[in-house]
Amino acid sequence: MAGEIDLTGTWFSRYEYGEGRYGEHTVGLHQEGDSIQGESFPQPSGSELTLDLTLSEDILEGFWEEKTSPTGEYRGQVFLGVFHLLLSTEANQATGKWAGHNGGKTAVNTGNWTLKKQSKA
């Protein structure tokens, strides 16, 4: 599947953390072969998200890093982790799970993560 599709474009990213809490970003993805790089568009809050993904058939896996808002709850703290997402048949949505450390770096948290394609490049 990786050679047949191009995931380059604008995607809406939403991940869940904690009870009823979530983070949202609009992300630009750029694909070269099976490698996909993503970076969030500027947000009013100042939060920044980067993605480093690999596409293998209908599975996206890789690493994420978020620099939180300098004025928000986490005061610019950087969080990082991994995720594993399943790509839809239409290649316009991917859903799965993330894992990453908590704010105190004393535990590993997990949650749902969804990417939805908004437009092509």
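Biologist: Why is Arg-21 called partly exposed?
Modeller: Its relative accessible area is 31%. Buried means under 20%, exposed over 50%, partly exposed in between (1.4 Å probe, protein chains only). So Arg-21 is partly exposed. This is a predicted model: local features need pLDDT of at least 70, side-chain atom pairs count only at pLDDT 80 or more, and totals for chains, interfaces and linings use all residues. Side-chain values use heavy atoms, without hydrogens and water, and residues are numbered from 1 along each chain as its sequence is written.

Biologist: What makes Glu-73 exposed?
Modeller: Glu-73 has 55% relative accessibility, so it counts as exposed.

Biologist: How do you know that Arg-21 forms a salt bridge with Glu-73?
Modeller: Their closest N and O atoms are 2.1 Å apart. The rule asks for a side-chain nitrogen of Lys or Arg within 4 Å of a carboxyl oxygen of Asp or Glu, so the pair qualifies.

Biologist: What makes Arg-14 and Glu-24 a salt bridge?
Modeller: Their closest N and O atoms are 3.1 Å apart. Arg-14 lies in strand E1 (residues 9-16) and Glu-24 in strand E2, so the bridge ties together parts ten residues apart in sequence. Strands are DSSP runs (E, at least two residues), numbered from the N terminus.

Biologist: Why is Glu-24 called partly exposed?
Modeller: Glu-24 has 32% relative accessibility, so it counts as partly exposed.

Biologist: How many salt bridges are there?
Modeller: The structure holds two.

Definitions and conventions: Helix = DSSP H or I, 4+ residues; strand = E, 2+ residues; numbered from the N terminus.
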